Amino acid sequence: MAVSSRLRHVIESQQFSRSLLEELFARAEEIKREPHRFMGRLAGQVMAALFYEPSTRTRLSFEAAMLRLGGQTMGTDNAREFSSAAKGETLEDTIRIVSGYADVIVLRHREEGAAKRAAAVSDVPIINAGDGPGQHPTQALLDLFTIRAELAKIDGVRVAMVGDLANGRTVRSLAYLLSKFKDIKLWFVAPPQVSMRDDLKAHLDEHHVPYIETQDLDSVLPEVDVVYMTRIQKERFTDPAAYDAVKGIYRIDKNAMARMRKYAVLMHPLPRVDEISPEVDDDPRSAYFRQARNGLHIRMALLDKLLS
Ligand code: CP
């Protein structure tokens, strides 16, 4: 089983060096430009997708990526109910078994740290496709790839992360990646109930990345190059009243778009609920559907790097 010596498991954004990111982005661009050159690259290899939480984009883009590279896929998209987890099997035992059947395992789990636990017992690479409120590193790869494509740079970007920052694994993973670049400035726009967690802020302090915490989205919109909206994650709240207190708190509509810079980019990992009005979908600055499409090419580049 061929595995890159530099990248075995993909668990968290901190693993990626700037040079590895540039290598993956260059490969993703190549794949996007000349997809026929990569057909059959992973022939004979099998990817298992174990999803214990719902997914549309991550699951299907990983499957499409593997199939387009000539590999095959198998898996379960409601593993909590339809795998032997329902009979009480531990995650570790499931991974030990599946790593005997597949060449790579893409894992989404409801518990933070699940991907790391899986990697500790797996014979094949584990790719973290989201571990509860922990991280979603491949989403961050496609997000950064999108920023680079839309703005033709990463160094120097001003990024507002908006919404459920406490539970948002995508914003955490993206902030970790951005901290590897120069002259980055971040705004964390959230109500106190779902503000950015201290561990990530400590990481930014350590890496001298300035950030501002605020609840006032309107004042931030004219200041930034990227507005990264996120959904308030209802499924992470144990108290419905706590969710009701913050749901629908931020919304980008035509009036909000008018406050943004002319060349700024509006992003969202999706799915959206009501954070972005469909009335702005046709605005050229709305990049979220292009962003989701980039997931295919980045995941093809990542699978190629891990397995070829
Ligand atoms: N962005 C993202 O992770 O979407 P899915 O939940 O649909 O995979």
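Predicted model: local features only at pLDDT ≥ 70, side-chain atom pairs only at ≥ 80, totals over all residues.
## Ligand site

The ligand takes up the space of the largest pocket, and the residues around the ligand are S55, T56, R57, T58, R108, H136, Q139, P269 and L270. By class, this shell comprises 2 nonpolar, 5 polar and 2 charged residues. Because domain 1 (13–135 + 294–307) and domain 2 (137–292) both contribute residues to the shell, the ligand lies between the two domains.

Oxygen atoms of the ligand come within 2.6 Å of an N or O atom in the side chain of S55 and, at a distance of 2.6 Å, face an N or O atom in the side chain of T58. Of the 250 Å² of accessible area that the ligand has on its own, the protein covers 91%.

## Cavities

The largest cavity holds about 50 Å³ of space, and its lining is formed by V162, G163, M229, T230, I232, G248, I249, Y250, D274 and E275. These lining residues divide into 5 nonpolar, 3 polar and 2 charged.

The second largest cavity, with a volume of about 40 Å³, is lined by R57, Q139, L142, P269, A292, G295 and R299. Among these, R57, Q139 and P269 also belong to the residues around the ligand.

Terms used: Residues numbered from 1 in each chain as written. Heavy atoms only, no water. Near = heavy atom within 4 Å. Polar contact = N/O pair within 3.5 Å; in protein donor to acceptor, adjacent residues only side chain to side chain. Areas by Shrake-Rupley, 256 points an atom, 1.4 Å probe, with all protein chains shown as cover. 1 Å grid on protein atoms, 1.4 Å probe; cavity = no way out; pocket = protein on both sides within 12 Å on 5 of 7 lines; lining within 4 Å. Sits in = over half its atoms within 2 Å of the grid points. Nonpolar A, V, L, I, M, F, W, Y, C, P; charged D, E, K, R; others polar. Domains from an automatic or database assignment. Points joined across faces, edges and corners; volume = space filled by probe spheres on them.
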